[in-house]
Amino acid sequence: MAALKRQPVVPDPSRVRRIAGGFGWIDHRLLREGHLERLTFFDIALYLFLVIVANRDGVSWYRKDVISKKVGMDWSQFETAKARLLERGLIAFKPFAPREVDGFYQVLPLPPGGAP
């Protein structure tokens, strides 16, 4: 006999979350394909911030000092997290100008086939 699949139950129907204004989403494959377990706390904090503030193309342009302050990391921790996210293909970065520390961040689709 096949097992019955449980249907989700909303514990408090009067408080169902509604999206108003901007909308950021996190791909469930981040967890299911092993990406999340390969990230540090700072990697996750930076990734979450970039997802939250991204426009419909996944792009944001907050300054490094603002991001660092908002997510509670120093510049060294920020640069390490940024480098790890770039290396894993989770984000792209383009400076505003050559040798500029600030620029455009893009949250990318998750790499196919799971985490490297």
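Predicted model: local features only at pLDDT ≥ 70, side-chain atom pairs only at ≥ 80, totals over all residues.

**Entry 1: helix α4.** Helix α4 runs over residues 75-87, and at 1.5 Å a residue its 13 residues should span 18 Å; I found its end C-alpha atoms 18 Å apart, so the two agree.

Next I asked which residues of α4 are buried. They are Phe-78, Ala-81, Lys-82 and Leu-85. These four cover an arc of only 100° around the axis, which means that they lie on the same side of α4. I noted the reason for such spacing: an α-helix has 3.6 residues a turn, so residues three or four places apart point the same way. Ser-76 and Glu-87, on the other side of α4, are exposed. Then I checked what covers the buried residues of α4, and the list includes α2 (41-53), α3 (64-71), β2 (91-95) and β3 (103-107).

**Entry 2: helix α3.** I repeated the check here. Lys-64, Ile-67, Ser-68 and Val-71 are buried in α3. Their arc around the axis is again only 100°, so they share the same side of α3. The face turned away from that buried side carries Lys-69 and Lys-70, both exposed. The buried residues of α3 pack against α2, α4 and β3.

**Entry 3: salt bridges.** How many salt bridges does the structure hold? I have 7 in the notebook. One of them joins the side chains of Lys-64 and Glu-79, at 2.7 Å from N to O. This pair links distant parts of the chain, with Lys-64 in helix α3 and Glu-79 in helix α4, 15 residues apart. Is Lys-64 buried or exposed? Its relative accessible area is 5%, so Lys-64 is buried, while Glu-79, at 31%, counts as partly exposed. I also noted a network, in which salt bridges with shared partners join Asp-27, Arg-29 and Glu-33. Within it, the side chains of Asp-27 and Arg-29 meet at 3.0 Å, N to O. Asp-27 counts as buried because its relative accessibility is 16%, and Arg-29 is partly exposed at 23%.

**Entry 4: a nonpolar patch.** Last, I turned to the surface. Ile-26, Leu-48 and Ile-52 form a nonpolar patch there, with about 280 Å² of accessible area together. Ile-26 sits in the segment before α1 (29-32), and at 45% relative accessibility Ile-26 counts as partly exposed.

Technical notes: Residues numbered from 1 in each chain as written. Heavy atoms only, no water. Patch = residues over 30% accessible without salt bridge, like charges linked within 9 Å, V, L, I, M, F, W, Y side chains within 5 Å. Areas by Shrake-Rupley, 256 points an atom, 1.4 Å probe, with all protein chains shown as cover. Salt bridge = Lys/Arg side-chain N within 4 Å of Asp/Glu carboxyl O. Helix = DSSP H or I, 4+ residues; strand = E, 2+ residues; numbered from the N terminus. Buried < 20%, exposed > 50% of the residue type's maximum accessible area, 1.4 Å probe, protein only. Expected span 1.5 Å × (residues − 1). Arc of directions from axis to C-beta. Contact = heavy atoms within 4.5 Å.
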